[in-house]
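Hello,

Here is the structure for your work. Please open it alongside this note; my findings follow.

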Amino acid sequence: MEARVAVAKVRKYATPESGDTLEMIERPSGGLSVVLADGQMSGKPAKAIANIVVRKAISLLADGVRDGAAARAASDYLYTQRSGKVVATLNILSLDLLSQSLVITRNNPAPVVLIQDGVVSLLDGPTDPVGGRRGVRPEIHQFPLAVGLTAVVFTDGLVHAGERSGHPVDPVAEAHALAATGPADPDTWADTLLRRALEAEDGRPSDDISILVAAILPREGEEVRRLAVRMPL
């Protein structure tokens with residue numbers, strides 16, 4: 001098996017900074033963790049909030065702290081830094097080689113779409129954003145690593161895309177359509193979902209949009225890890 005991860009993100013129209021922040025780190029026990037946060041408000045203030053959350057979570061994960069504990073600590077840290085006056089959504093997606101599992105930690109009203117054995121389902125239990133109070137707990141799911149296991153994580157910019165025009169994007173329906181085409185190609189899936197959102201927004205997104213797709217696929221080729229980034233300047 002091999003894991004493939006892809007991210008596609010775009011900032012709110014006419015806003016110099018995206019309030020969505022994403023970082024990836026290698027886990028000390030093996031594997032990868034991707035942390036995605038969406039700060040309250042937009043632009044630079046939102047970016048500052050998201051950075052507080054992501055940096056705290058990443059530093060704890062690097063020290064071997066478990067995902068749920070890292071999410072709770074990041075929430076308490078934001079609460080302490082901003083006195084509970086601002087919140088952020090938080091998702092942590094981990095490929096944990098120690099437990100041979102995909103771990104999804106969620107403090108985000110937006111659901112996570114999961115494809116397992118060809119079946120599309122939603123991880124959408126009630127959960128609160130981080131930072132609003134002490135003791136905020138995440139929703140945590142853990143799935144054994146297996147070929148075909150795919151997760152689609154996104155911020156609320158995708159959920160609300162197209163609402164102004166009366167043609168909202170349905171992330172779940174889009175995921176069903178993509179899953180019907182065959183095994184996941186994370187790059188294609190992330191790009192397709194983002195393109196669909198931008199079309200619904202007439203190319204002027206009303207919020208930051210971030211889409212993360214992770215899939216477990218049959219191994220191809222040699223034992224080489226690769227990371228590619230494209231960022232407009």
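Ala-3 is partly exposed, because its relative accessibility is 43% (buried is under 20% relative accessible area, exposed over 50%, partly exposed in between; 1.4 Å probe, protein chains only). Ala-3 sits in strand β1, residues 2-10 (helices are DSSP runs of H or I with at least four residues, strands runs of E with at least two, numbered from the N terminus). Ala-3 touches Leu-95, Ala-215 and Ile-216, leaving aside residues up to four places away in sequence (contact: heavy atoms within 4.5 Å).

The model is predicted: local features need pLDDT of at least 70, side-chain atom pairs count only at pLDDT 80 or more, and totals for chains, interfaces and linings use all residues. Residues are numbered from 1 along each chain as its sequence is written, and side-chain values use heavy atoms, without hydrogens and water.

Next, the sheet. Five strands make an open, antiparallel sheet in the order β2-β3-β4-β5-β8 (strands pair if DSSP finds at least two bridges between them). β2 (20-26) and β8 (139-144) are at the edges with a single partner strand each, so one side of each has no neighbour in the sheet. Seven bridges join β4 (88-96) to β5 (101-107). Ile-92 has Thr-105 as its bridge partner in β5.

Last, helix α4, residues 171-179. Pro-171, Ala-175 and Leu-178 are buried there. Seen down the axis, the buried residues fall within an arc of 60 degrees, so they line one face of α4 (the arc is that of the directions from the helix axis to the C-beta atoms). They pack against β6 (112-116), β9 (150-154), α3 (156-159) and α5 (186-200).

Best wishes
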